[in-house]
Amino acid sequence: MLVLITAAILSFMIFFPLVVATSIFNVLSEKQASTFLRNFFPKYYLYGFCLGILGLIISILKNEIVSTIFFIFMSATFVFLRQILMPMINKAKDEFKETKFNKLHKVSVFINFFQIVSCIIFLLIYLK
């Protein structure tokens with residue numbers, strides 16, 4: 001079950017940049033894309049958080065230390081991205097602070113990349 005939850009997290013995290021983001025920026029204007037993304041990302045992070053909490057509960061019940069730590073990390077980063085970093089990114093965008101926006105956006109991309117790598121490592125460990 002923990003492998004399936006991790007695979008679900010990994011799949012939606014890869015699906016977004018490869019399919020959703022490219023489609024958004026090819027079809028919508030910059031203003032429409034911005035409106036869509038502000039609506040989309042809270043749900044995206046909440047979905048990841050819910051999957052992380054489900055994995056955490058199962059890990060605790062199974063008394064698995066490594067997966068417990070992994071799912072704490074995943075859940076915490078989704079909360080950080082949704083509740084702290086995303087509002088900072090939106091504020092920088094609203095205030096036309098492009099340099100700050102770009103730096104904060106890079107932080108969010110780095111965290112997402114680190115989450116993806118963590119999922120891959122977790123799957124490699126649990127699938128051996």
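Ala, Val, Leu, Ile, Met, Phe, Trp, Tyr, Cys and Pro count as nonpolar, Asp, Glu, Lys and Arg as charged, and the others, Gly among them, as polar. These classes are used below to describe a predicted model.

Consider the helices α1 and α2. Their axes come within 9 Å and cross at roughly 170°. An angle over 145 degrees counts as roughly antiparallel, so α1 is roughly antiparallel to α2. Sorted by class, the contact of α1 with α2 has 20 nonpolar residues, four polar residues and no charged residues.

Next comes the empty space. Rolling a probe the size of a water molecule over the atoms shows where such space is left. In this model, the largest pocket holds about 690 Å³. It is lined by 25 residues, and the closest to its centre are Phe16, Leu37, Phe41, His105 and Ser108. At least two lining residues come from each of α1 (2-27), α2 (30-61), α3 (65-94) and α4 (98-126). Helix α2 gives the largest share, eight residues. By class, the lining of this pocket has 17 nonpolar, five polar and three charged residues.

Is Asn112 buried or exposed? Its relative accessibility is 12%, and buried means under 20%, so Asn112 counts as buried. Leaving aside residues up to four places away in sequence, Asn112 touches Met13, Tyr44, Tyr45 and Leu81.

Conventions: Residues are numbered from 1 along each chain as its sequence is written. This is a predicted model: local features need pLDDT of at least 70, side-chain atom pairs count only at pLDDT 80 or more; totals for chains, interfaces and linings use all residues. Side-chain values use heavy atoms; hydrogens and water are left out. On a 1 Å grid over the protein atoms alone, a cavity is a set of points where a 1.4 Å probe fits but cannot get out, and a pocket is an open set with protein on both sides within 12 Å along at least five of seven lines; lining residues have an atom within 4 Å of a point. Grid points are joined across faces, edges and corners, and a volume is the space filled by probe spheres set on the points. Helices (H or I, at least four residues) and strands (E, at least two) are DSSP runs, numbered from the N terminus. Axes are lines fitted to C-alpha atoms, for helices over the stretch in contact, and angles run from 0 to 180 degrees between N-to-C directions. Angles under 35 degrees count as roughly parallel, over 145 as roughly antiparallel, 65 to 115 as roughly perpendicular and the rest as oblique. Buried means under 20% relative accessible area, exposed over 50%, partly exposed in between (1.4 Å probe, protein chains only). Contact means heavy atoms within 4.5 Å.
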